[in-house]
Amino acid sequence: MRILDDWLAAHEAELIAIRRDLHAHPELAFAEKRTSDLIAERLRMLGLAPTVLPGGTGVICDIGEGERVVALRADIDALPLPDLKDVSYRSRTPGACHACGHDAHTAILLGVAAVLAAMDLPGRVRLIFQPAEEAIPGGAVGTVAAGAMAGVVSIYALHCDPRVDVGFVGVRSGPITAACDRLDVHLSGTGGHTGRPHLTADVVYALGRLITDLPGLLSRRVDPRAGLSLVWGAVDAGNAANAIPASGSARGTLRMLDHDAWDAAESLVQELVAQIVAPTWDRRRSSTPGRAWAARTSRGTSITRPARWPGSACGVPDRRCRSTCTSRGSTSTSPRWPSASGSWSIRRWSLSVSGAVLRLPLARPLLCLPIRNTAPLLCVPLRSTASCCV
Ligand SMILES: [Zn+2]
């Protein structure tokens, strides 16, 4: 602990500078070229041999030797939001901002790399700088395909978390945040006049039913402990008050914490969508015999999902290895200010805990607490805090 504190005290300014540089130059999902180059260069300066992923963004780097690998993962992409802060390291890229803390995650993992590179490790640690965490499907797919999980027996993801007070780190065996599928439902009919809805397929009415019924039915068909949540984010149909449109769509995200529920979700959603919209079309009276709804919820066109990997931030764990998620207390400059906002920031302490976050999984690799997804977050107090922005 003492050695780590001394190291952090000596390198704090350097880590803050890295984080601020990343913050000033945010890059969106799959475009993190500069960020990846910076990461690779910093790792080379430590005498390490990083590998940039085949897509040109994202970096993997092993430290030490051994067949069994412990992986530490940070995400590196920014959000498509304006940076509203008035600070010297404000984003210089219009419409892009590190509003989710990935700049801090990247700086933290680079700090961890520096510590590990100076140690005589008894095994192998893999640093994974994953691109495109904010996209669906995200960069996890390509990261896994590039071999990031090869030999991994345990992986630890880190994400700042406004729910955790400054000075604490939250730890849980398994997922903290959910895996996320994007759900697009498109309904199509022939359109018609609002004075004769019985002669056509009323897309708007069917969408209304779908929007309210599908989340409710899912909650009655899936074990509540799976933590499944369907929330719509966009609905689109029609232009005129007296015309039933020929098509409409609803888009949302489907999130869950349980692997079995994740496996079953796609077919279940398709089944329920068909059941919900079917009664809204009268086959006997329709002016379009043989044609009713076309509802697409397939994986390729509508439901897209990341590979079996800690998903959105941590997500559904890979069954091949133990995954543990740490959520780093990041109460912002305004208490409980939500992340993913242009005003969001973090406090200085956040970089200081990088050593502690590292220490927890490595010092206690069997920190497989008897808690499941529904258990409260275990909050571990860390050392004192400072109040200025990183
Ligand atoms: Zn994030």
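**View 1. Contacts of Phe-129 in the predicted model.** Phe-129 touches Ile-39, Gly-58, Val-59, Ala-74, Ile-76, Thr-106 and Leu-109, leaving out residues up to four places away in sequence. Two residues are in contact if their C-beta atoms, placed from the backbone, lie within 7 Å. Residues are numbered from 1 along each chain as its sequence is written. The model is predicted: local features need pLDDT of at least 70, side-chain atom pairs count only at pLDDT 80 or more, and totals for chains, interfaces and linings use all residues.

**View 2. The largest nonpolar core.** This core has 36 residues, and Leu-72, Leu-109, Ala-113, Leu-127 and Phe-129 touch the most other members. Two or more residues come from each of α1 (2-24), α2 (33-45), β2 (59-63), β3, α3 (102-117), β4 (124-130) and β5. The most, 7 residues, come from α3. A nonpolar core is a set of buried Ala, Val, Leu, Ile, Met, Phe, Trp, Tyr and Cys residues joined through C-beta atoms within 7 Å. Buried means that 20 or more other C-beta atoms lie within 10 Å of the residue's own, exposed 12 or fewer, and partly exposed in between, with C-beta atoms placed from the backbone. Helices (H or I, at least four residues) and strands (E, at least two) are DSSP runs, numbered from the N terminus.

**View 3. Strands β3 and β5.** Strand β3 (residues 69-75) pairs with β5 in the parallel sense over 5 bridges. Strands pair if DSSP finds at least two bridges between them. Leu-72 stands opposite Tyr-156 in β5. In β5 (residues 152-161), 8 of the 10 residues are buried.

**View 4. Helices α1 and α3.** The axes of α1 and α3 come within 9 Å and cross at roughly 145 degrees. Axes are lines fitted to C-alpha atoms, for helices over the stretch in contact, and angles run from 0 to 180 degrees between N-to-C directions. Residues of α1 in this contact include Trp-7, His-11 and Leu-15, and those of α3 include Asp-103, Ala-104 and Thr-106.

**View 5. The open sheet β7-β11-β9.** Its 3 strands follow this order with antiparallel pairing. β7 (179-188) and β9 (229-237) stand at the edges with a single partner strand each, so one side of each has no neighbour in the sheet. β9 pairs with β11 (residues 247-256) over 8 bridges, and Ala-234 stands opposite Arg-251 in β11. Helix α5 (residues 203-221) packs on the sheet, touching β7, β9 and β11. Helix α6 (residues 259-277) also packs on the sheet, touching β7 and β11.
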